[in-house]
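Have the viewer open while you read.

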Amino acid sequence: MKIHEKYILRCIEIAKNGLGSTFPNPMVGAVIVHNNVIIGEGFTSPYGGSHAEVNAIKSVKDKLALKEATIYVTLEPCSHYGKTPPCADLIVKHKIPNVVIGLKDPHEKVAGNGIKKLKKAGCNVTIGVLEKECRDHHKRFLCFYEKKRPYIVLKWAETSDGFIAPLQEKRNNTPEPFWITNKASRQLVHQWRSEEQGILVGTNTVIKDNPKLDVRNWYGTPPTRIVLDKNLKIDINKNILDTSVNTIVLTEKANHEKQLDGINYEEIDFKKPLATEICRVLHKQNILSVIIEGGTKTLQTFIDANLWDEARVFKGVSTFKDGIKAPVFKGNLKTTTNIKTDILKIYNND
C-alpha cells in the first residue's frame, strides 16, 4: 500500500468517531506524520467544537516537529471563519510543510480556497488520495452541497410474505405492536437514527403507531423528527409532538390555531412533486441526512421520484397473509446480513 493511502485510510477510520454529532459540519479525520511515525490525530468535535485539524495539532506533544511533518485530511481544510477560525490558517501558522488531502470541499465558502491559501503559503499540497473512499465517507456532506438535498436513507421491515403492516382490523383486535423484526434488529435501527440528522415519517404512521422516533435503545443524539401533516390532523398528545426533540412539521397551510409552541412548522406545496418539496425544505433547514421510516406511501413517494441513496430492508420470519404491502423498488444490493432470525439487505441507488 502506498504511504499516502495508508494514512488517509487512518483518517477515514478515526473520522467515523464523529458520526452523528458533527452536523451540519462534515466528519473529518486528520493524521500528522513525522519521520513515518504518527505524532498526532484528530477528528471533528461535535458541532460548535474544534475541527479535525485543530484536534490533531493539539495532540502533538513536540510542536517543533510540525515544521517537518505531513498532515493528512479526508477533506480540504476550511479557509473561512465559522464557529471556529480557518484550519488552513492554523496549518500555515504552525508551518506544516506537507498537506495531503482526500478530496476538495464543495462548500461554496471553501471550494478550493483552502488549497489556494496553503499553496500560497508555500505548502506542498497533494490532492485526491483515495478520493473514492473519501467521497463515500463524506457522502452526506457531499450530497447536501452537490445535489442540494439531504442524503436519503430508506428503511423498513417486511414480513416473509412481503407486508410492512397488518390490516387495520387486525390492529383493532390486537392493540399490541406487531413487531416484524427481533430486538437486535430494532436496536440497530436506533443506532442508525443516532447517525443521521433527521428522521421522517408520514401522517398515518404517526396516527396508527404513535412512534417516539428516538434512540432509547442506543447511545447518542436523537435526530430531528420530521413529520408530514398536510391538514394538521395529528393529535397534540402524540409522542412526536411532545417537544422533547427538535421537530419539524411539514404542512400545507399555517393554521396558527393548531400550531404548538416548540414545534417548527414549514409550509410545502402538496400539489407539487412531494419528495422534491420535502427535500427543498430540509435543505433550507440545513438537514444533511434523513432516514425515512414510513409508511409505505411516504417511502414509495421517494422511490418513485428516484430521490433516495440507500435502502435498508429487514425481512422477518413472521407472516401477515394480508395487510399493507412493502414498497416496490429497484436498487443495487450492497450487503446481506443475518441478524439472528432476521435478514437485512442494504441497497444503493447508483
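**Notes on the model**

1. Let's start with Lys 321. With a relative accessible area of 73%, Lys 321 counts as exposed, because the cut-off for that label is over 50%. Keep in mind that what you're looking at is a predicted model. Lys 321 sits in the loop between β13 (310-315) and β14 (324-325). Its backbone is worth a look too: phi of Lys 321 is positive, at about 70°, although the residue is not a glycine.

2. You'll find Lys 95 in the loop between α3 and β4. Its relative accessible area is 53%, so Lys 95 is exposed.

3. That loop between α3 (87-93) and β4 also holds Pro 97. Is Pro 97 buried, partly exposed or exposed? Pro 97 comes out as partly exposed, because its relative accessible area is 27%, and the label covers what falls between under 20% (buried) and over 50% (exposed). For a distance check, take Pro 97 and Ile 14: they are 83 residues apart in sequence, and their C-alpha atoms are 23 Å apart in space.

4. Now for the strands. β3 (residues 70-75) has six of its six residues buried, so this strand is largely enclosed by the rest of the structure. Which strands does β3 bridge to? One is β1 (residues 29-34), joined to β3 by four bridges, with the two running antiparallel. Another is β4 (residues 98-103), where five bridges make the link to β3 and the strands run parallel.

5. Val 31 has Tyr 72 as its bridge partner in β3. Ile 71, for its part, is bridged to Val 99 in β4.

6. Two peptide bonds deserve a flag before you set up any calculation. Going from Phe 23 to Pro 24, the peptide bond is cis, with omega near 0°. Pro 24 belongs to the loop between α1 (3-15) and β1. The bond joining Gly 294 and Gly 295 is cis as well, with omega about -5°. Gly 295 lies in the loop between β12 (289-294) and α11 (296-304).

7. Which residues form the positive surface patch? They are Lys 230, Lys 233, Lys 253, Lys 271 and Lys 297. Of these, Lys 230 is placed in the loop between β9 (224-228) and β10 (247-251). Lys 230 counts as partly exposed, because its relative accessibility is 37%.

8. Last, a contact across the sequence. Ser 194 is part of helix α8 (residues 183-195). Its relative accessibility is 7%, so Ser 194 counts as buried. How far apart are Ser 194 and Thr 221 in sequence and in space? The separation is 27 residues along the chain and 5.5 Å in space, C-alpha to C-alpha.

Definitions and conventions
Residues are numbered from 1 along each chain as its sequence is written. This is a predicted model: local features need pLDDT of at least 70, side-chain atom pairs count only at pLDDT 80 or more; totals for chains, interfaces and linings use all residues. Side-chain values use heavy atoms; hydrogens and water are left out. Patches are made of residues with over 30% relative accessible area and no salt bridge: like charges are joined within 9 Å, nonpolar side chains (Val, Leu, Ile, Met, Phe, Trp, Tyr) within 5 Å. Accessible areas come from the Shrake-Rupley method with a 1.4 Å probe; for residues, only the protein chains shown count as cover. A salt bridge is a side-chain nitrogen of Lys or Arg within 4 Å of a carboxyl oxygen of Asp or Glu. Lys and Arg count as positive and Asp and Glu as negative; His and the chain ends are not counted. The place of a charge is taken as NZ of Lys, CZ of Arg, CG of Asp or CD of Glu. Buried means under 20% relative accessible area, exposed over 50%, partly exposed in between (1.4 Å probe, protein chains only). Two strands pair if DSSP finds at least two bridges between them.
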